[in-house]
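Hi,

Here is the structure I promised to pass on to you. Have a look at it first, and then read my notes below with the viewer open.

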Amino acid sequence: MTNEDSSDKAISPGVSPLGFGRRVAATARNVAEVVRFGGLETGEEASPYEVESEQLNFRLRHYFAKDVAAGAQPIVLVPPLMLAAEIWDVSPGSSAVQSLHGEGIDVWVVDFGDPRYEKGGLERTLTDHVIAVSSAIDQVCAATGKDVVLAGYSQGGMFAYQTAAFRRGEGIDSLVTFGSPVDARAPLPFPISPEIAARATEGLLESGLLKYINVPSWASRTGFKLLSPAKSVQSQVKFLLALHDRESLLPRERQRQFLEREGFTAWSGPALAELLEIFVAHNRMLQGGFSIEDQMVTLADIDVPILTVVGLTDTIGHPDSVRAINRAAPRAEVYEMTLWAGHFGLVVGSTANLSTWPGVAAWVKWRADGTPLPEEIVPADQVEHKPMLGVGAGAATVVQAAEFGMGAGLLAFGSAKRAIGVARGLVSSAPTQLPRLARLEQLDQATPISLGLLLDEQARKSPMDTSFLFEDRAHRQADVKTRVDSVVKGLVSVGIRQGDRVGVLMRTRPSAFTLVTALSRLGATAVMLRPESDLKREAALGQITWVVSDPEHVDGVEVLDSVTWCVLGGGADSREMHPGVVDMERIDPDKVELPAWYRPNPHRAGDIAFILFTGRGSHLKASRITNRRWAMSALGTASAAALKPGDTVYCTTPIYHSSAILMSIGGAIAGNARFALATAHDPDTFWEEVRRYGTTHVSYTWTSLRAVTLAPPNPAEKHHSIRLFMGSGMPPNLWRRVVERFPTSRVLEFYASAEGDAILANVKGLPIGSMGKSLPGTPEVKVAAFDLETRSLELGPDGLGREAATDEVGLLLSRVLTVEAMTGIPFRSVFGAGDSWRSTGDLFRRDEHQDLWHIEPLSGLITTDLGVIAPSEVSREISNLPAVDLCVTFGVPHDGQTVLVSALTLRKGAKITADALQRALNRLPASHHPDFVQTVPSIPVTTWHRPMWTELQKAGVPKPTKKRHVWRLDAARESYEQL
């Protein structure tokens, strides 16, 4: 050891006085440079690029444009909004563009710029950025003649997903994303439930303030640091302690400067509001149902291969959230590269240089020429999910909070399995339902209420929210209101006034909904004619003086010569019309002056809103639906189904059916949700539209879900967003198949009486087949003892009726609260002097748990020599056999008497035996066993999927054929024999 070494040791262990002085001097020089210039001068130069295109919302950079190999595969890199495009080229030692270029890849970058300095930048929406990425793809494809690999970091990856879905994969070879979240319900360490966080976000959105609040760059930078405060402080301390050693600082200096000063950009308020709505409040990245330029989009439409890069210590793009792309895009082949890295380290630093960019280059080559993938890239469903560093069981971390410029508390989500979430939703939604229940209870004859009024309320409250969806298009509240008001002017101009009855003859289309709403706003009555029914008889029953149809049904003018016929829809293009038809599309609403008598939404609860039709032939019947009845159904549905903003009700029935106008459309409007109108009924269309619309509630009638449950598994069916199937008339055997196939969803079965105001709902979905109980706010119901032979109430010695005992079949009555002449004459003094009740026309029984079970309409009873039979009970028992698909039971005249016949269809490949039939029917009295049972190839259904048996009845007593097996009950009524 030298003397110098000895003296150094004496002064300060490991540091000589001379060395200490040099360190102080070096530190002073470096501090001065940092203070003056914001950092140390590294002498590094950015990678060369040319701006190939400059558009309103972005610039398209082409890196190494003069040094691109012939035939090189283009890759388009998309940054997140909070970070500058230089994230892809922070320094020569941490440069994505240099690494990819070195692998022979043609590199392009989308540069959104800093909104503060771009024209209109602070007014940009998320949609503007998706359209910008889509435009960049078009330009790169045109310049190179190749489909592009589209890659995005963090929210840039979200843009990549959205753009690929919006374009349905056109021009895109594959997707690569880095720490890009998809599921906003990823686990977090904060003890706040997803429901609370979503409601808090919805409250911010409803205030309308967010779109005016721009997030400055310093807030983005600060938020980023707050995600890992200890790490941020540690990095600063390390930097300060190493200021004497310039050489050790220089390799990471550009990264430090990027994070500390120049890397962050501002956020526009509209983009922030749209992100909160899509990602946080409604989780539409996972669920689907967001719109780009009013085109409905879902990530389920992505069918190109995806490579997602996951950081196990990522505290912004949580692995659970990033991996959710496998659920959101079931048609895509999803691969994963898992790295031990944080969010920033995925694209910048040593891990990115050693793993990320070589992996991406390998992916591009695999796509281009089939070069084998490295072992680090594996199919996503083969990845072993490892816990994040420092996160114990049941805990995780914030998702995207700083990147989105929001406080961590707002985005604190817990996690729960979806099945548990369904049950939890029933409780958490209770506060939302209270105002609806209160409004139900306040309805009286004079209360202002109507479809037009509720839609007006929504348009005033949230004009830019989506009202309804059809054929992949989103129709916003403000636009719907404008169209409705224009149609009102058209109706007024042709002479339709308040109180008129107007026939609506249309298939399901936007014009049909617009017309029905316009009639409501005008104060007229919409008579919902059925295109496949007896038009002349329905027109007479509805007492119409006008018809408004779509162009497809204008031929009906030849049938009805006593009404004025108008046509709406199909656009104002030149078209030939019947000389007696008024083309309303040619009316200019701006030239129509509304008369002095016009007041919008004049309807009161007691006014007739709609006339709907049921039955056919001699059973054709008109039902007059008051605004009160419509509102009770709408508000009751919204309450029972826990509908809320962000939900989507998928309506599978024609608009002229009661379930559509009262439940699906009415419930959605009353629940501030949106509804989607189905365009077809095949399973493929069903799943395509369910995913694209982000459907949470699916309406059904009778057997409408049968095709979906019988169809082979559909890729879009995996991880679907449906929480609830709601409707009426579903056979119990189909109900069981639905809950077995879709265990994360439940069934909400409704019953609404044809007469009176009785509305029942099986809110829990159990027991299967039950109608449940009365909805809160609706009239009380009782099952009255009923004599089936005399078709009258059973009366006691005191002349009063009695309530049926447990499991005794009786007539369901609803208490009359407000007498409405149009719904028939009520019973008086039934259970007590002075009370008033109205018959629902349906037989029910009440079980020991007070649940109500529908037995049969009075009109459906069959009288045989053995007594009065409820055929629906017979069909339900036979349908309990696993082999049975559909079953109907009816009476057939035979040898001077009426015999009971059941017809059934079998599930594919299934068989049935006489012993199985007898066992299925053992729960019924022998007098109720059908005399004949036959298998048939098919049972026809109505357009709303109710099984029809009239043609089978006309065929008489069944006879066996090669395609039809027939069983006959023996004379002792004890067993069946096959004929």
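Let's start with a pair of helices: α26 passes α27 in a right-handed crossing. Before going on, keep in mind that this is a predicted model. The axes of α26 and α27 come within 8 Å and cross at roughly 125°. That angle makes α26 oblique to α27. If you want to see where they touch, show the side of α26 with Val874, Glu877 and Ile878, which meet Leu917, Ala920 and Leu921 of α27.

Now for the sheet that goes with them. In what order do its 5 strands come? Reading across, the order is β38-β39-β40-β41-β42, in an open sheet with mixed pairing. At the edges are β38 (884-894) and β42 (976-978), and each has a single partner strand, so one side of each has no neighbour in the sheet. From one strand to the next, the twist averages 25°. As background, strands in a sheet pair through backbone hydrogen bonds, and they can do this in a parallel or an antiparallel way. Strand β41 (residues 966-969) is paired with β42 in the antiparallel sense, over 3 bridges. To find the spot on screen, look for Leu969, whose bridge partner in β42 is Tyr976.

Which helix touches β40, β41 and β42? This is α27 (residues 914-921), which packs on the sheet and has a direction at about 150° to that of β42. Helix α26 (residues 871-879) lies across β38 and β39 (897-906), and runs at about 140° to β38.

**A hairpin**

Elsewhere in the chain, strands β21 (residues 608-614) and β22 (residues 621-626) run antiparallel and are joined by 6 bridges. Thr614 stands opposite Lys621 of β22. This hairpin has 6 residues between its strands, and Gly615 takes a positive phi near 75° there.

**Charged pairs**

Side chains of opposite charge can pair when their charged atoms come close.

Arg116 and Asp114 form another salt bridge, and their closest N and O atoms are 2.6 Å apart. Here Arg116 counts as partly exposed because its relative accessibility is 39%, while Asp114 counts as buried because its value is 12%.

Next, look at Glu794 and Arg802, whose side chains meet in a salt bridge of 3.1 Å, N to O. Glu794 is partly exposed, at 28% relative accessibility, and Arg802 is partly exposed at 36%.

Last, select Arg168, Asp301, Asp472, Glu688 and Arg692 together, as they are linked in a network of salt bridges.

Cheers

Terms used. Residues numbered from 1 in each chain as written. Predicted model: local features only at pLDDT ≥ 70, side-chain atom pairs only at ≥ 80, totals over all residues. Heavy atoms only, no water. Salt bridge = Lys/Arg side-chain N within 4 Å of Asp/Glu carboxyl O. Buried < 20%, exposed > 50% of the residue type's maximum accessible area, 1.4 Å probe, protein only. Pairing = 2+ DSSP bridges. Helix = DSSP H or I, 4+ residues; strand = E, 2+ residues; numbered from the N terminus. Axes fitted to C-alpha atoms, helices over the stretch in contact; angles between N-to-C directions. Contact = heavy atoms within 4.5 Å. Parallel < 35°, antiparallel > 145°, perpendicular 65-115°, else oblique. Left-handed = near helix turned anticlockwise from the far one by under 90°.
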